[in-house]
Amino acid sequence: MQTPTKPDIRLFSKDELIESLVSLGEKKFRAKQIEEWLWVKGARSFEEMTNLSKGLRQTLETNFGIYPVQIAEEQISNDKTIKVAFELHDGKICEGVLIPAGDRMTACISSQVGCSLACEFCATGKLKRERNITYPEIYDQVWLINQIAQKYYQKKLSNIVLMGMGEPLMNYKNVKQGIEKITQEIGLQMSPRRITLSTAGVAKMITRMADEKVRFPLALSLHAATDEKRTKIMQINETNNLEVLSQALQYYYEQTGNQITLEYIIFKDFNDSIEDAKHLHQFAKKVPCKINILEYNPIDDGGFKKADLKKVDAFKDYLEGKRLIVNIRRSRGKDIDAACGQLANKNSSVK
């Protein structure tokens, strides 16, 4: 674990880095070399920056720090899903997942350590929110999962989803900067169209993203299509009800044209009836979207169970009969700590 006694060089903007280097008697062009080491080559120490003079590397070591994310644990599922516990510089734990599916290699990453939303069905909701994850730490999660994908499957990441621990729109500044670093030339050069931000529904921030005309797709964790049911399982619905969210999503689509996905975890005897499907249809028809029905990964001491497959199929058939685009996402990593927050919870309790 590294204690941040010196300024984190990765939190400096290009202009700030140039200014700092000049004040230390260095040339401006060194900033680009340093940035390439940090964001393209993934340097985790100044000593690795071999095209810089030994004197400059020592100067950097004296004045700045790099505080990289470390892998604390990996779990490999029989279905090839890989769950990762990441240790941050202060010993905090967050999670990431590599999900292989044919030619697609998807990284699911976290935006916060813990979460303040306390959704009833979520293992992360059992963890208090300890802090936001910085944009270099968001970048590191992607970098490390990309390394894992190449190590085990000889393929690079094709997609990223911010569906791990935390609510991305409650850490929007870092999330946005992290996405910028991932997509820039001095970065991983990934297309923003391959990065999906998943939110429990913060309407004012969805509107802000619309005004900023972000280029990445949006997913709403809906999970129930009536205010009564949604509020039972997601407290955020008390302040961001379905009507408010519907208006924000419509505005987002009008301003960006970006794809919207409605995520719907289907629970046994809670939201799995045809009546529930009718409510979902009423909500979904208000905005161009596709629907992902998610199989539930039960959590320890959880009060919800996985829905029966026959009911899931009937649910899907009803929606498709209404000409909606529907995908069923089967649960992955059932033989490991698969539910979001389980692995972090376990590692946190060990410390």
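This is a predicted model: local features need pLDDT of at least 70, side-chain atom pairs count only at pLDDT 80 or more; totals for chains, interfaces and linings use all residues.
**Lys-28**

I began with Lys-28, which counts as exposed because its relative accessibility is 58% (exposed means over 50% relative accessible area, buried under 20%, partly exposed in between, with a 1.4 Å probe and protein chains only). My numbering runs from 1 along each chain as its sequence is written, and side-chain values use heavy atoms, with hydrogens and water left out.

I found Lys-28 in the loop between α1 (14-23) and α2 (30-40). Helices (H or I, at least four residues) and strands (E, at least two) are DSSP runs here, numbered from the N terminus. Setting aside neighbours within four places in sequence, I see Lys-28 in contact with Ile-18 and Val-22, contact meaning heavy atoms within 4.5 Å.

Next I traced the strand order: 10 strands form an open sheet, β1-β2-β3-β4-β7-β8-β9-β10-β11-β12, with mixed pairing. I count two strands as paired if DSSP finds at least two bridges between them. At the edges sit β1 (70-76) and β12 (325-329), each pairing on one side only. From one strand to the next the twist averages 20 degrees; angles run from 0 to 180 degrees between N-to-C directions, and axes are lines fitted to C-alpha atoms, for helices over the stretch in contact.

**Around β4**

I noted five bridges between strand β3 (residues 93-101) and strand β4 (residues 104-108), in the antiparallel sense. Ala-101 faces Arg-104 of β4 across this pairing. Two residues separate the strands of the hairpin, and Gly-102 takes a positive phi near 65 degrees there. With strand β7 (residues 159-162), β4 pairs in the parallel sense over three bridges, and I find Cys-108 opposite Val-161 in β7. I wrote down β4 as largely enclosed by the rest of the structure, because four of its five residues are buried.

**Around β9**

A reminder to myself: in a regular strand the side chains alternate between the two faces of the sheet. In strand β9 (residues 218-221), I see both faces covered, with Leu-218 and Leu-220 buried on one side and Ala-219 and Ser-221 buried on the other. Strand β8 (residues 195-199) runs parallel to β9 and is joined to it by three bridges; Thr-199 stands opposite Leu-220. On the other pairing I checked, four bridges join β9 to strand β10 (residues 260-266), also parallel, and Leu-218 has Ile-260 as its bridge partner.

I then followed the chain from β8 through helix α6 (residues 203-212) to β9, a right-handed β-α-β unit. Right-handed here means that, with the strands pointing away from the viewer, the path from the first strand over the helix to the second runs clockwise.

**α9 and α10**

My last stop was α9, which lies across β9, β10 and β11 (290-295) and runs at about 165 degrees to β10. The axes of helix α9 (residues 274-284) and helix α10 (residues 309-321) come within 9 Å and cross at roughly 35 degrees. Among the residues that meet, I listed Ile-274 and Leu-280 in α9 and Phe-315 and Tyr-318 in α10.
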